[in-house]
Protein chains: 2
Amino acid sequence: MNLNPHISVDCVIFGFSEGTLKVLLIEREKEKGEQLGGHKLKLPGSLISEQEDLDTSAIRTLTELTGLNNIFLKQYSVFGDPGRLKPQEDLEWLRRTSGMKVDRVVTVAYYSLIKISDSAITDRTIWHPVNNLPELIFDHNHIVKEALQNLRNEFRIKPLCFELLPKKFTLRQLQDIFESILNITLDSRNFRKKIRKLDYLTPLSEKEKNVNHKPAKLYKFDRHRYEKKEQPLL
Amino acid sequence: MNLNPHISVDCVIFGFSEGTLKVLLIEREKEKGEQLGGHKLKLPGSLISEQEDLDTSAIRTLTELTGLNNIFLKQYSVFGDPGRLKPQEDLEWLRRTSGMKVDRVVTVAYYSLIKISDSAITDRTIWHPVNNLPELIFDHNHIVKEALQNLRNEFRIKPLCFELLPKKFTLRQLQDIFESILNITLDSRNFRKKIRKLDYLTPLSEKEKNVNHKPAKLYKFDRHRYEKKEQPLL
DNA sequence: AATCTTAGCGTATTTTTTACGCTAAGTTTG
DNA sequence: CAAACTTAGCGTAAAAAATACGCTAAGATT
């Protein structure tokens with residue numbers, strides 16, 4: 001694969017577990033003689049290949065990492081500050097691992113949403129709560145911050161929550177995801193009332209199990225019905 | 001100025017006049033022996049310079065062309081299809097005019113909004129209604145289409161309309177801009193009622209002139225007040 | 001059996017949106 | 001110069017949506 005050393009893609013992969021939004025980070029390999037402290041974590045990403053479309057690059061990065069396809073993916077910004085490849089030691093790491101003469105890289109940023117349970121991710125990979133991230137390589141902290149802002153904006157108008165939830169979910173799970181990501185609180189009675197009016201959220205005959213309180217009914221998202229009239233949840 | 005032949009910026013400049021949204025296009029220079037038909041119009045844009053940030057590139061392109069600064073500008077997408085520099089004759093034109101070995105260019109797309117009246121644009125430049133554009137160079141038709149979609153989405157939540165209107169404007173002008181860009185119709189009585197509740201739209205003591213009907217009161221947009229609570233118009 | 005937690009339905013009130021009637025202030029027409 | 005025409009500009013009534021909050025039910029825990 002013929003890499004293009006001027007352009008890369010980076011993916012901010014969001015997942016939801018334990019009531020908080022998380023981001024998938026990769027430990028960049030430590031090398032001999034390098035100090036362990038600082039600058040070890042990065043976003044998944046890579047230089048694009050010469051013949052490849054940008055979206056394809058991002059999808060490739062994602063499937064290589066997670067083993068999943070059909071992941072929700074959205075290009076949301078580009079970062080091209082000539083000075084973004086700092087600190088120097090990280091730039092040198094990039095040069096070594098890519099084997100290319102890298103000077104300036106404009107990176108196309110994507111965010112994606114996955115169900116953590118689905119992913120077969122293990123190696124040198126960390127799900128980290130999106131709040132109080134540690135210091136990442138390059139401008140990756142900035143890239144995550146912008147991703148989150150974009151996610152929040154889209155979250156209100158598009159049915160993104162279902163990308164993070166299992167196929168069958170309770171209304172409580174749904175509400176939690178909204179409250180946590182948009183940083184709001186909702187009255188559950190009014191929330192449920194709204195849900196009941198949406199014909200694309202269909203109740204199943206099943207109930208949740210292994211909870212230490214009254215088990216709630218499970219629902220599923222009917223994407224087909226949603227697309228008929230794209231009525232937002234909130 | 002040291003150009004980077006792998007990355008460019010393109011600007012979709014919107015303006016509003018005669019009740020329709022327009023886009024600023026440039027005639028790409030015809031060269032000897034070239035046929036006049038087809039592929040003559042393009043978006044303003046250029047390869048970025050090596051030391052320049054992307055936004056700075058876009059701003060430079062814009063001020064060089066329009067003589068204006070402080071223009072509203074928004075990066076909305078990136079286009080990087082390996083095959084986007086078609087047809088061949090246009091690619092060759094780019095090679096000649098840039099004087100560089102150009103193969104693949106990833107372009108960062110911006111849209112911007114200006115008051116047509118302000119601009120000192122003349123040379124080889126056309127304001128063309130955004131509907132039924134002629135065939136443009138490369139993938140520029142696609143770039144405009146996406147810009148329009150982004151504009152429409154932002155238009156509902158941000159006070160973009162005032163970038164297109166003169167400093168003093170009537171409510172009719174305001175309504176027209178919404179109706180035309182969002183492709184909707186509004187009841188003017190209800191529209192005005194809503195406006196009256198917004199404290200950031202302040203009536204002046206002036207009235208419009210030289211109209212062949214009852215002259216309307218002029219209003220101005222108070223950005224400072226708007227920013228206190230970002231209440232949308234619609 | 002009493003208590004605790006979350007599920008789940010309902011009603012009353014307020015706020016926002018929608019539909020539409022009407023007068024006023026100018027210009028144009030006969 | 002009066003009648004007709006166009007757009008400005010204010011208002012009221014009904015419908016719909018958002019908000020606040022009361023209450024019972026089902027299961028787990030003490």
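This is a predicted model: local features need pLDDT of at least 70, side-chain atom pairs count only at pLDDT 80 or more; totals for chains, interfaces and linings use all residues.

Modeller: Let us begin with what counts as an element: helices are DSSP runs of at least four residues in H or I, and strands are runs of at least two in E, numbered from the N terminus.

Biologist: What makes up chain A in terms of domains, and how far apart are their centres?

Modeller: The domain assignment divides chain A into domain 1, residues 3–157, and domain 2, residues 166–228, and the centres of the two, taken over C-alpha atoms, are separated by 31 Å. The C-alpha atoms of chain A fill a box of roughly 60 × 35 × 30 Å along the principal axes.

Biologist: How do you know which residues of domain 1 of chain A are in contact with domain 2 of chain A?

Modeller: A contact requires C-beta atoms, placed from the backbone, to lie within 7 Å, and by that test 8 residues of domain 1 of chain A are in contact with 6 residues of domain 2 of chain A. On the domain 1 side, strand S2 (20–27) and helix H3 (140–157) of chain A each give two or more residues, and the residues of that side divide into 3 nonpolar, 3 polar and 2 charged.

Biologist: Why is A:Lys115 called partly exposed?

Modeller: The label buried needs 20 or more other C-beta atoms within 10 Å, and exposed needs 12 or fewer; A:Lys115 has 17, so it falls in between and is called partly exposed. A:Lys115 sits in the loop between strand S6 (106–113) and strand S7 (125–129) of chain A. Leaving aside residues up to four places away in sequence, A:Lys115 touches A:Leu164, A:Leu165 and A:Pro166. With A:Leu164 the C-alpha to C-alpha distance is 4.7 Å, although 49 residues separate the pair in sequence.

Biologist: Which residues of H1(A) are buried, and what covers them?

Modeller: The buried residues are A:Leu54, A:Ser57, A:Ala58, A:Ile59, A:Thr61, A:Leu62, A:Leu65 and A:Thr66. Their cover includes strand S1 (3–17), strand S4 (45–49), strand S5 (72–79) and S6 of chain A, together with S5 of chain B. Across chain A, buried residues make up 31% of the 234 residues.

Biologist: What makes you say that the two chains are related as by a two-fold rotation axis?

Modeller: Chain B can be laid on chain A with an RMSD of 0.0 Å by a turn of 180 degrees and a shift of 0.0 Å along the axis. The two copies are thus related as by a two-fold rotation axis.

Biologist: Why do you say that the copies meet through the same surface?

Modeller: The interface residues of chain B are, to 100%, also interface residues in chain A, so the surface through which the copies meet is the same. Chain B brings 14 residues to the contact and chain A brings 14 residues. On the side of chain B that touches chain A, strand S1 (3–17), strand S5 (72–79) and strand S6 (106–113) of chain B each give two or more residues, and S5(B) gives the most, with 3 residues. That side divides into 6 nonpolar, 5 polar and 3 charged residues.

Biologist: How do you know which residues surround DNA strand D, and which are the closest?

Modeller: To be near the strand, a residue must have its C-beta atom within 6 Å of it. By this criterion 17 residues surround DNA strand D, the closest being A:Arg189, A:Asn212, A:Lys214, B:Arg172 and B:Arg189. The largest share of that surface, 3 residues, comes from H6(B), and by class the surface has 3 nonpolar, 6 polar and 8 charged residues.

Biologist: Which residues come nearest to DNA strand C?

Modeller: Of the 17 residues around DNA strand C, those that come nearest are A:Arg172, A:Arg189, B:Arg189, B:Asn212 and B:Lys214. Here the largest share, 3 residues, comes from H6(A).

Technical notes:
Residues are numbered from 1 along each chain as its sequence is written. Chains are lettered from A and ligands numbered from 1 in the order in which they are written. Ala, Val, Leu, Ile, Met, Phe, Trp, Tyr, Cys and Pro count as nonpolar, Asp, Glu, Lys and Arg as charged, and the others, Gly among them, as polar. Copies are superposed by least squares on the C-alpha atoms of residues with pLDDT of at least 70 in both. Two residues are in contact if their C-beta atoms, placed from the backbone, lie within 7 Å. Domain bounds come from an automatic or database domain assignment.
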